[in-house]
Amino acid sequence: MNALLQRPTLSEHEFGRLRELIRREAAIHLPAHMKQSVSCRLEQRLRRLALRGFAEYFDYISHNQNVAELQRAVDLLTTHETYFFREPEQFDYLTRSLLPQLGSGSLRFWSAAASSGEEAYSIAMVLMANLGAGNRWEVLGSDISAEVLEKAREGVYRHERLELIPIPYLHRFCLRGVGRAAGSVQIDQTLRQRVRFCRMNLASLPAGLEPFDVIFLRNVLFYFDASTRQRVLAGVVSRLKPGGWLLLGHAECLNAASFGLRRQCPGVYRQVGEAS
């Protein structure tokens, strides 16, 4: 009885195997201090699969080339914390300063770490409210987690996650659930149709990814080690249109000049030599 209830132990060797597996497949860096957190996050999965320990779990993933289970492990080990209009000062900047400079041509925006979609839909709300449905603009949301992207496509959220959405946007773009859906809202279909979601590894961007006017790369760089972080930044910046903008989280910083960027305000950078 006690043996059945005993919690599996993640050894240093097993943790090292997992770190290398996740780094190789998803370019995600698991620091040493996350060992206990990793053990807790995967423990329930081991029990669900009736595996006796982490060594069996790693064999289950790697020896069987189990892509679906590897994706599940990545989902469990990455924190998808996000909410609508996170860091609202940047959305104010988008509305007041950035949009007036973009002109009236076809505009492309990228939420590069979209998680469950709140950031991408926040961008779309601002664009719809300021540019209208008739203008040519689109929003791409990408993430490495297939699971959270499914939630993003559904566009259904608990009401408590909407706290920072401006009231006019809340009334215009969010449909309140009734009956069994009470306590949740769904993003209006007209807005959902302007946002496309796809799975993407930021450390290995697809060759055919067309350039963007504005890229949100916020609160994701800490997942990578130093060399991968530089590679991710270089790849993302290369997908900016001439004079395009890159937005990072307020707690993130970079050597702007080394990437051909100029800092505009906290967390906001523009490509040097922008067209006027």
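Okay, let's start with Arg86: it comes out at 16% relative accessibility, so it counts as buried. Buried here means under 20% relative accessible area, exposed means over 50%, and partly exposed is in between, with a 1.4 Å probe and protein chains only.

Quick housekeeping. This is a predicted model, where local features need pLDDT of at least 70, side-chain atom pairs count only at pLDDT 80 or more, and totals for chains, interfaces and linings use all residues. Residues are numbered from 1 along each chain as its sequence is written, and side-chain values use heavy atoms, with hydrogens and water left out.

Back to Arg86. You'll find Arg86 in the loop between helix H5 (67-77) and helix H6 (88-102). Helices (H or I, at least four residues) and strands (E, at least two) are DSSP runs, numbered from the N terminus. And what does Arg86 touch, not counting residues up to four places away in sequence? The list is Glu81, Phe91, Arg218 and Asn219, where contact means heavy atoms within 4.5 Å. Arg86 and Ser122 are 36 residues apart in sequence, and their C-alphas sit 8.8 Å apart in space.

Another loop residue is Ser106, between H6 and S1. Ser106 is partly exposed, at 39% relative accessible area. Leaving out residues up to four places away in sequence, Ser106 touches Arg136, Asp213 and Lys241. From Ser106 to Asn135 you count 29 residues in sequence, and 7.6 Å in space, C-alpha to C-alpha.

Now, salt bridges. How many does the structure hold? Twelve, where a salt bridge is a side-chain nitrogen of Lys or Arg within 4 Å of a carboxyl oxygen of Asp or Glu. Let me walk you through a few.

Take Glu20 and Arg23, whose side chains meet at 2.7 Å, N to O.

Glu43 counts as buried, at 11% relative accessibility, whereas Arg47 is partly exposed at 40%. The general point is that an α-helix has 3.6 residues a turn, so residues three or four places apart point the same way.

Then there's the salt bridge between Glu118 and Arg161, at 3.0 Å, N to O. This pair links distant parts of the chain, 43 residues apart: Glu118 is in helix H7 (residues 118-131), and Arg161 is in the loop between strand S3 (156-158) and helix H9 (167-173). Is Glu118 buried or exposed? Buried, at 1% relative accessibility, while Arg161 is partly exposed at 33%. Elsewhere, salt bridges that share partners join Glu87, Glu119 and Arg218 into one network.

Last stop, helix H11, residues 226-237. H11 has twelve residues and reaches 17 Å from its first C-alpha to its last, close to the 16 Å expected at 1.5 Å a residue; that expected span is 1.5 Å times one less than the number of residues. Buried residues in H11 are Thr228, Val232, Leu233, Gly235, Val236 and Val237. And what covers them? The cover includes strands S1 (107-111), S7 (212-217), S8 (240-248), S9 (261-265) and S10 (268-271).
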